[in-house]
Amino acid sequence: MIFDFQPTRELPIFDTHAHYNDDRFATEIDGGRDEILAALFSQNVKYIVNAGTSIEASRECIAIAEKYKQAYATAGIHPEDVRHGNDIDKTMDELRELLSHPKVRALGEIGLDYHYEEPPREVQQVWFRRQLELARELKMPVVIHDRDAHGDVMDILRDYPDVTGEFHSFSASGEIARQLVNRGWYISFSGVITFKNAARLAEIVPSVPLDRVMIETDAPYLAPVPYRGKMNHSGLMEYTAVRAAELYGINVEEFCRHAYENSCRFFGIKE
Ligand SMILES: [Zn+2]
């Protein structure tokens, strides 16, 4: 069997955050990631940025970017991938090397994740600060992962006023969205905005100016309704885009055009 997803309409889709290097794309859908990516790129999906979460995962994302013209990558150490006792100086040197690759367009995903209380908060914060210092030095935008840590993420970012970037799968407050936008940041929404229990987030979406909003899958995670709980892929972003457009009160083509232009600008992609 082959990957048989078919979009219902023509839209310019830019997936700003995905993990096609994930093992689940090697096995769970027949044909695996190459068949899926080839199919998606022949449909609505114009670009996909795979987000690095460790040195090894960042290398995998770069390998996909080298294989596909329409794939780009970020490189960074995710807060759940930092380990006490890892040689942080050596890792920063490796990261610096990966960030020099022409298809790596941001440093990420980095940030804080207090969901499981592990790794310890202090360890996560040290790695977050070191990577923000590297972004400042290299003048690179960052991709932020923030789960249940909004206050500490914002406090730390205030110490690096010249670093900006994208908040991925945004889940913080309207006030935080407003502050970030005022400081030049972009906000990316995932399939979570289609969830029935996401009423608070739904109110925040249209408060983000149309020249700062982006959308993403976080595939294989966070599939939008009506595929919630299933394995996610960039084709399903149509549902996220329809919901976002509805929240803005504009048509989905117009919403996608804005999100697409913003994403190209943010990742430095010139057509
Ligand atoms: Zn992610």
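Helices and strands in these entries are DSSP runs, numbered from the N terminus. I worked on a predicted model throughout.

**Entry 1: two residues with positive phi**

I looked up L222 and placed it in the loop between β8 and α9. Its phi is positive, about 60°, although L222 is not a glycine.

I went on to K139, which sits in the loop between α5 and β5 (142–147). K139 is not a glycine either, and it has a positive phi of about 55°. K139 has 8 C-beta neighbours inside 10 Å and therefore counts as exposed.

**Entry 2: the sheet**

I traced the strand order as β1-β2-β3-β4-β5-β6-β7-β8, an open sheet of eight strands with parallel pairing. Which strands are at the edges? I noted β1 (13–18) and β8 (213–215), each of which pairs on one side only. On average, neighbouring strands are turned by 25° against each other, with direction ignored.

For one pair I went down to the bridges. Strand β6 (residues 165–167) runs parallel to strand β7 (residues 186–189), and two bridges join them. I recorded I187 in β7 as the bridge partner of F167.

I also checked what α3 (residues 55–67) lies across, and found β2 (45–51), β3 (71–75) and β4 (104–113). Helix α3 runs at about 160° to β3.

**Entry 3: cis peptide bonds**

I noted a cis peptide bond between G108 and E109, with omega about 5°. I located E109 in strand β4.

I noted another cis peptide bond between E118 and P119, where omega is about -5°. P119 belongs to the loop between β4 and α5 (121–138).

**Entry 4: α9 against α10**

I took the pair formed by α9 (residues 237–248) and α10 (residues 252–266). How far apart are their axes, and at what angle do the helices pack? I read 8 Å between the axes and an angle of about 100°. The two helices, α9 and α10, are therefore roughly perpendicular to each other.

I listed the residues where they meet. From α9 these are A241, V242, A244, A245 and Y248, and from α10 they are V252, F255 and C256. Sorted by class, the contact of α9 with α10 has eight nonpolar residues, no polar and no charged ones.

Technical notes: Residues numbered from 1 in each chain as written. Predicted model: local features only at pLDDT ≥ 70, side-chain atom pairs only at ≥ 80, totals over all residues. Axes fitted to C-alpha atoms, helices over the stretch in contact; angles between N-to-C directions. Helix = DSSP H or I, 4+ residues; strand = E, 2+ residues; numbered from the N terminus. Parallel < 35°, antiparallel > 145°, perpendicular 65-115°, else oblique. Contact = placed C-beta atoms within 7 Å. Nonpolar A, V, L, I, M, F, W, Y, C, P; charged D, E, K, R; others polar. Pairing = 2+ DSSP bridges. Buried ≥ 20, exposed ≤ 12 C-beta atoms within 10 Å, placed from the backbone.
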